[in-house]
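Hi everyone, and thanks for making time for this. I'd like to walk you through a structure that may be new to you, so please have it open as we go.

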Amino acid sequence: MKNTIKVERAKKDMTQQNLADLVGVSRQTINSLEKGRYVPSTILALKISDVFETSVNEIFTLEKED
Amino acid sequence: MKNNNVYLKLIPHYYRKWIYLLFLLPVTFLILKETEIINMMEHSSKALFSVLFFLPLMLVVFTAEKVEDERIEKIRMQAFGITCLFAFTYLLIMKIFDLLSTNENLENITANELVLQMIIFYLINKFIMLRKG
């Protein structure tokens, strides 16, 4: 699964730490998400989409192998 | 939405520095034993040292990280799983080695040694997984 967290974060001029604080996870978790090493739970995905004021589908998209 | 995932109840991160201080207990005990301030039977002193050493190690294993989130929980569970697999494999290899060996002086691994190896394996494993992300 790929995501556009880094792009959305740049649009909002937000650091990884800012986003981490807003969704209640560690900065390392946001870093892992951006690099595609960690797939978030539904709750975390919804929290992230809430911060960026978009739908989950716009941030997280499935790839062929998923 | 209510998060109904069942997580381990952990010791708050705040207590970690106090737990690290507990590591001074086995060190102090060793110093006191070497300087012969404490005079104990070999067997009793080994048992007491094990208790003093295991206690802070076990507490470290069950202490929460600074920011406890779902990724860390997943890593913790993975590390526990891999550690169990390591222990089973280790015991199996030791048993096979024991069966094949003709050396009668070969000592069986004690529960203490196995638990200590499991804790160290778990901590290294978790550390590597956290670094790798």
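Let's start with one pair of side chains. B:Lys126 and B:Glu65 form a salt bridge, and their closest N and O atoms are 2.8 Å apart. Where do these two sit? B:Lys126 belongs to helix α5 of chain B, residues 111-132, while B:Glu65 is in the loop between α3 and α4 of chain B, so this pair ties together parts that are 61 residues apart in sequence. Both B:Lys126 and B:Glu65 are buried. Please keep in mind that this is a predicted model.

Now stay with B:Glu65 for a moment, as it has another partner. The side chain of B:Arg16 meets the side chain of B:Glu65 in a salt bridge too, at 3.7 Å from N to O. This pair also links distant parts of the chain: B:Arg16 is in helix α1 of chain B, B:Glu65 is in the loop between α3 (42-61) and α4 (70-100), and the two are 49 residues apart. B:Arg16 is buried, as is B:Glu65.

B:Glu73 and B:Arg76 join their side chains in a salt bridge, 3.5 Å from N to O. How are they placed along the helix? They are three residues apart in helix α4 of chain B, and are therefore separated by about one helical turn. Are they buried or exposed? B:Glu73 has a relative accessible area of 5%, so it counts as buried. For B:Arg76 the relative accessible area is 0%, so B:Arg76 is buried as well. If you search the whole structure, over all chains, you find seven salt bridges.

Let's step back and look at chain B as a whole. It has five helices and zero strands. Reading along the sequence, you get the pattern α-α-α-α-α. Chain B has 133 residues, and 23% of them count as buried. Now take the contacts in chain B between residues at least 6 apart in sequence: 73% of these join residues at least 24 apart.

If you turn the model, look for a nonpolar surface patch of about 570 Å², made by B:Tyr14, B:Tyr15, B:Trp18, B:Leu21 and B:Leu24. One of these, B:Tyr15, lies in the segment before α1 (16-22) of chain B. With a relative accessible area of 41%, B:Tyr15 is partly exposed.

Finally, let's see how the two chains meet. The size of an interface is often given as the accessible area lost when the parts come together. Between chain A and chain B, the buried area is about 940 Å², and carbon and sulfur atoms give 56% of it. On the chain A side, α3 (27-34) and α4 (42-52) each supply at least two of the residues that touch chain B. In total, the contact takes 13 residues from chain A and nine residues from chain B.

How many polar contacts and salt bridges are there between the chains? Seven residue pairs are in polar contact between chain A and chain B, counting pairs with both residues at pLDDT 80 or more. Across that interface there are zero salt bridges.

Definitions and conventions. Residues numbered from 1 in each chain as written. Chains lettered and ligands numbered in written order. Predicted model: local features only at pLDDT ≥ 70, side-chain atom pairs only at ≥ 80, totals over all residues. Heavy atoms only, no water. Patch = residues over 30% accessible without salt bridge, like charges linked within 9 Å, V, L, I, M, F, W, Y side chains within 5 Å. Areas by Shrake-Rupley, 256 points an atom, 1.4 Å probe, with all protein chains shown as cover. Salt bridge = Lys/Arg side-chain N within 4 Å of Asp/Glu carboxyl O. Helix = DSSP H or I, 4+ residues; strand = E, 2+ residues; numbered from the N terminus. Buried < 20%, exposed > 50% of the residue type's maximum accessible area, 1.4 Å probe, protein only. Contact = heavy atoms within 4.5 Å. Buried area = accessible area lost by both parts, 1.4 Å probe. Polar contact = N/O pair within 3.5 Å; in protein donor to acceptor, adjacent residues only side chain to side chain.
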